[in-house]
Amino acid sequence: MTLVLSNEDVEAAFTMEDCLSALEETYRHVAEGQALTGRRSDVMTPTEPYQGEEASYLLKIMNGADAKLGIAALRLTSEIMIWPEISGVRRRTKAPRAPNDRWVGLVMLFSTTTGEPLAIFPDGVMQKMRVAATSALSAKFIAREDAEIVALIGAGWQAGAHALALSKVRALKEIRVFSPTKKRRETFCKELQEEIGVTMSPVDSPEAAVQGADIVQCATSAMENVYFKDWMQPGVHVATIRDGELEPAMIDAADVLVIHDPANMGHAHFQAIGGARNKDHDNETAGREGRDDWTSAPSLADIISGKKTGRENDNQTSCFLNYRGFGVQFAAAGAAFYHKAKEMKLGHDLPTDWFTEDVLP
Amino acid sequence: MTLLLSNEEIEDLLTMPESLAALELAYKDVAEGKAIPGTRADSVGQTKGETDTDEALYQLKMMGSIAESLEVGAIRINSDILTWPTKSGTKRRTKAPLAPNNRWTGLVLLFSMNTGEPLAIFPDGIIQLTRVAATTALGIKYMARENAKTVGLIGAGEQARSHVIATAAVRDVESFKVYGPTKANRDAFCQELQGKTGIQMTPVDSAHEAVEGTDIAICATNALDPVLFQDWVEPGMHITSIQDKGASEIEPEAILKADVVAVHERGNMSHGYITKTKGVNMPDQGEDLTMMPELEAVMKSPTLAEIIAGLAPSRTSDDQVTCFLNYRGLGVQFAALGHAVYNNAKKQGVGNELPTDWFTENVCP
């Protein structure tokens, strides 16, 4: 049978701890050459405007396999991209235009032993967990051992997942949160403080957040730089989830630079037609002239597996570029979730024959 | 609702003439920049699956495309256990049906470009057989001599069968000569297809005999070595091939004899789309055509899309040799044929509907 699961099932069965340990294990397999990510493909075209905003359709697919787990995953999103201006800042977001005002993102898990589809589930909850868990793994392996104060720039759902994930890898005293809307950051802190049991302090400026912080985590949907070289202090670990959040000079200035994956830094996977433009790329710097040296930095898998050295002392500054989804993350997180979902008897079983065939393809 | 279809339903929903028309339009759109060809990405690693041969690997294959005029996006997925058994002394690539009930796993997902929603999910088998043959046939339609009447067919399997139907739809074919390594297979193949098409089908004892004196020479095999050689190429002939797994079915020297060559998609002619785990060796991944210095110019040839759209010249005389290298699937083929299948299914009320909410979400991904 092929299991159809929901975001609620992911929330019920899959914890941040599960996600952290699954990703850590698979990054070790990546370093051993036993797990891999295939070439990613994004294709984009203009589509009908959404609420007066210029919109683009984006079909995004990525895959990965972990031979040791015996699981391969394909993650796809079929989305309507818009870049509205909110509080004076241009942001990327996705319009829920599928029936019942929903989004479309799916993970399909396959057995590498039989080829059969094991499970199909939406990517939303796992998506935010895997991004945050990856940032937190960088903190676990690169930030100072005694790091206890986090500056979190951003107060959206991605920032929330990051607060939770970071609290699992270091004994945190305080998370200081800046986002442009006062009310938003206050509500965010109040809600999360209870959930994760760490003091959450909303602050009035990004400078106030990062001053004296041991870890700076950017998790915004902003389209411009939100953290700068001049703000760096000795010993800090800075992590970003999107190309463009960090001032390029800041990345160059870091003593220790770690990237997500060298093959996943540019836009070779991106194709567009009919004048569709991915505005996400406007402020990006990776792979541009003079910046290619970043791709030779160690990958997170290199650091986790101990193949390469990260931080060597408490005074060094370190920086992790958590750019772009990485297909094997969905194989790792998907496999762990699938096994738990089976144990807990979650989801609907559909006949596997619906998704297989007796014609040799 | 999201429509779920089976191969049996698709077989009834999709005719060869309709497939040819849908692909022809899609290639025009590709040439004009209105559709994205959608190149491949394969991940290959060790499998624990048990097959009859020592060599087995797992492959997750995907290709995605958008066709603006059809307002759809499509993804084609294969989750395969690859094996390389030796048959009649030749090593061949095949896929072991290890999914429950001895089945294979290949899917097409069709999406709306206006809402993002999944419109349909269906197996890729019939579309796969159809799209390869229909694409070869479009090569014939636009490149072979107008008066081509005789066809040499190397291969007597499922792909070859589909190629007979497709070729007969684009030229007034009087006869096919067919070679496959197993006599019983090629005899049965000819008998069946002659009955089905009314065209004279003659089984022959060698590949050379099949193509000798014909106007069109088609390679539709799963062989890992060349099956068509330079000395067999005659003036005026159109030669065409569907795969270059171990080596090109048409040997490089034979390709060089062509006056006009078309490739399927220039950016998709190498084996660079494959990512492998450490230590994995694919028996059929040798030197690809892009690695051969003598073929450097050939690899810059026009695409089939450019020839169909009239953006690149095709044959200019009956004496010229033309060649179409129909290598590697493109996502746009699945967008075009998937869209045709979906529209016909909706019109005829065929298929099972599943709640679209199962495949969408209220969490912004």
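Predicted model: local features only at pLDDT ≥ 70, side-chain atom pairs only at ≥ 80, totals over all residues.

Visitor: Fine, let's start with chain A. How many helices and strands does chain A have?
Guide: Chain A has nine helices and 19 strands. Its C-alpha atoms fill a box of roughly 60 × 50 × 45 Å, taken along the principal axes.

Visitor: Which domains is chain A divided into?
Guide: Domain 1 of chain A takes in 2–126 + 327–355, while domain 2 of chain A covers 127–321. The C-alpha centres of these two domains of chain A lie 22 Å apart.

Visitor: How many residues of domain 1 of chain A are in contact with domain 2 of chain A?
Guide: On the domain 1 side of chain A there are 34 residues, in contact with 35 residues of domain 2 of chain A. At least two residues of the domain 1 side come from each of α2 (16–32), β3 (41–50), β7 (89–90), α3 (124–142) and α9 (327–343) of chain A. The largest share of that side, ten residues, comes from α2(A). Sorted by class, the side of domain 1 of chain A that touches domain 2 of chain A has 15 nonpolar, nine polar and ten charged residues.

Visitor: Okay, switching to chain B. What helices and strands does chain B have?
Guide: Chain B has nine helices and 19 strands. The radius of gyration of chain B is 20 Å, close to the 21 Å that the globule rule gives for 365 residues, so chain B is as compact as a globular protein of that length. The C-alpha atoms of chain B fill a box of roughly 60 × 45 × 45 Å along the principal axes.

Visitor: What percentage of chain B is buried?
Guide: Buried residues make up 59% of the 365 residues in chain B. As for contacts in chain B with a separation of 6 or more, residues 24 or more positions apart account for 74%.

Visitor: Where do the domains of chain B run?
Guide: In chain B, domain 1 is 2–127 + 330–359 and domain 2 is 132–325, and their C-alpha centres lie 22 Å apart. The contact takes 31 residues from domain 1 of chain B and 34 residues from domain 2 of chain B. On the domain 1 side of chain B, the elements that give two or more residues are α2 (16–31), β3 and β7 (90–91) of chain B, and the largest share, ten residues, comes from α2(B). By class, that side of domain 1 of chain B has 13 nonpolar, nine polar and nine charged residues.

Visitor: Now the sheet. In what order do the seven strands of the open sheet in chain B come?
Guide: The order in chain B is β13-β12-β11-β14-β15-β18-β16, and the pairing is parallel. The edge strands, each pairing on one side only, are β13 (200–203) and β16 (260–263) of chain B. From one strand to the next, the twist averages 15°.

Visitor: Can we zoom in on one pair: how many bridges join β15 and β18 of chain B?
Guide: Strand β15 (residues 238–241) of chain B and strand β18 (residues 322–325) of chain B pair in the parallel sense over four bridges. H238(B) stands opposite T322(B) in β18(B).

Visitor: What does α3(B) lie across?
Guide: Helix α3(B) lies across β14 (216–219), β15, β16 and β18 of chain B, and runs at about 160° to β15(B). Helix α5 (residues 183–197) of chain B lies across β12 (175–179) and β13 of chain B, running at about 175° to β13(B).

Visitor: Last topic: how many residues does the contact take from chain B and from chain A?
Guide: The contact takes 66 residues from chain B and 65 residues from chain A. On the chain B side, two or more residues each are given by β3 (40–46), β4 (56–67), β5 (72–83), β9 (106–112), β10 (118–123) and α3 (125–143) of chain B. Strand β5(B) gives the most to that side, with seven residues. The residues on the side of chain B that touches chain A divide into 26 nonpolar, 27 polar and 13 charged.

Note on methods. Residues numbered from 1 in each chain as written. Chains lettered and ligands numbered in written order. Domains from an automatic or database assignment. Contact = placed C-beta atoms within 7 Å. Nonpolar A, V, L, I, M, F, W, Y, C, P; charged D, E, K, R; others polar. Pairing = 2+ DSSP bridges. Axes fitted to C-alpha atoms, helices over the stretch in contact; angles between N-to-C directions. Rg over C-alpha atoms; globule rule 2.2 N^0.38 Å. Buried ≥ 20, exposed ≤ 12 C-beta atoms within 10 Å, placed from the backbone.
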